[in-house]
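Try each task before you read its solution.

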Amino acid sequence: VVFLGSNALSNKKPPLPAELADLKIPRRPQWDEHTSAEDLDFREREDFVNWRRELAQMEEQYECNLTPFEKNIEVWRQLWRVVERSDVCIQILDSRNPLLYRSKDLESYVHSLSPHKKTMLVLNKADLLPKSIRKLWARYFRSQGVAFLFFSAYKEQERIDQEASAGLYREGGQHSDADEESPKATKHEDEEGNGEDDDEGDSGEEDAGEEPPAQKGAAAAAATEEEDDELLVCSAEELLARAGALARACYAAAGSDPRARPTLGFVGYPNVGKSSTLNVLCGEKRVAVGPTPGKTKHFQTILLDEGLTLCDCPGLVFPSCIASKGEMVCGGVLPIDQLRDCLPAVQLVCNRIPREVLERRYGVRLPEPTPDYPILSAAELLQGYAYMRGFMTQSSAPDEARAARIILKDYVHGKLAFALIPPGVSAEEAAVAAKD
């Protein structure tokens, strides 16, 4: 079940100036085979300093606070190399709050390098969303003309582990010859077979004077089924098939060297599951994974038997003035164990998760809301939970920091379920989706 706070149902934020709505990321200067390494290094550093200076001027001019974005040029250089190598650049997003992790300017940068390069959004952790919420996000991204799909690296890893324990998986992620076809593949084949039979039957019925509304009904049913398939949480094989087909098409359109291989580049914030996604695509652990954000330090390439190359970019935080520091913590971008002030992030949890859900989850009795204080405060939750668990400091005060770390980790790991409604959704439609 996904619980939606009142602020998620409306999802209304004050409008931002155009310059701040989608901040630009640093670009790599133009270069070719005649550019020396020293000249390119100097131009990269010069442009990077100018980019940071522009962001600082915007922050001062509009009196806004930017997120703690990546300020190390070496990490951005890894991104540049991944984007230049890739035929399709895939942004991995947390499906509970996709807009926090999406960079539209990254998509613009990819398209500016070559008209043959494409982008795709993979909404990871989609198993935490009900179908009603996935439907709203699918409609939102479809209206923007963006290629996307829903995925869950965690569920796919569970499936791979179960198949491995049953002897169905070999090393390298390939199914053994004894594997049976997946139910989904069998279903598609059955549907194709039925479609052929229906076509033959329709031709005979048309000769007999069949009314055309039947064909319209069949087309509408097919469109509905296609939309339902779009809302499904796809498997690793389906993700690789869709992204691989797009990469091969881009690769062929660009007229690339036939001896090379189409490349899929994976980009995103720290701890959204890029490395985990790559591991399930490979069927084995090929990339280091850890609970601390930013486990990957340098871009890595992996060759697949399907004739594709996967390229993993280190996780980096894009500049933004939309998200607060509390949102960054709740999004798993900033490490919780290194957090000094936990109250803003915990207050965000209190705003989003209903009071009765927190009481059930932690077995604590929280103060009743009053007209003056209708929303639960972070201090009330932390003190109540710390007293209940016996978390005390040396001065016999409730250890709010220790309680906050537990609650925030539960939120980040999905134990406190929450999903954000996309922009443009009416309150009535959001309420119906929340009930589902």
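Two strands count as paired if DSSP finds at least two bridges between them. Keep in mind that this is a predicted model.

**Exercise 1.** Work out how many bridges join strand 6 to strand 7, and which way the two strands run.

*Solution.* Start with the ranges: strand 6 covers residues 300–303 and strand 7 covers residues 309–312. Four bridges join them, and they run antiparallel. Finally, look at the turn. The hairpin has five residues between the strands, and there Gly307 takes a positive phi near 80 degrees.

**Exercise 2.** Classify the ring pair of Tyr140 and Phe141: stacked, tilted or edge-to-face?

*Solution.* First, the distance: rings pair if their centres lie within 6.5 Å, and here the centres are 5.3 Å apart. Then the angle: planes over 60 degrees apart count as edge-to-face. The planes of Tyr140 and Phe141 sit at 70 degrees, so this pair is edge-to-face. Now move on to Phe141 and Phe148, which form a tilted pair, with 5.9 Å centre to centre and 40 degrees between the planes. As for burial, Tyr140 and Phe141 are both buried, and Phe148 is buried too. The structure holds 14 aromatic pairs.

**Exercise 3.** Find the aromatic cluster that contains Phe69, then say which residue lies over the face of Phe69.

*Solution.* Gather the rings: Phe48, Trp51, Phe69, Trp76, Tyr101, Tyr269 and Phe318 form one cluster. Then check the face of Phe69: Lys71 lies over it, at 4.2 Å from the ring centre.

How values were computed:
Residues are numbered from 1 along each chain as its sequence is written. This is a predicted model: local features need pLDDT of at least 70, side-chain atom pairs count only at pLDDT 80 or more; totals for chains, interfaces and linings use all residues. Side-chain values use heavy atoms; hydrogens and water are left out. Rings of Phe, Tyr and Trp (its six-membered ring) pair if their centres lie within 6.5 Å; planes under 30 degrees apart count as stacked, over 60 as edge-to-face and the rest as tilted. Buried means under 20% relative accessible area, exposed over 50%, partly exposed in between (1.4 Å probe, protein chains only). A charge sits over a ring if NZ of Lys or CZ of Arg is within 6 Å of the ring centre and within 35 degrees of the ring normal.
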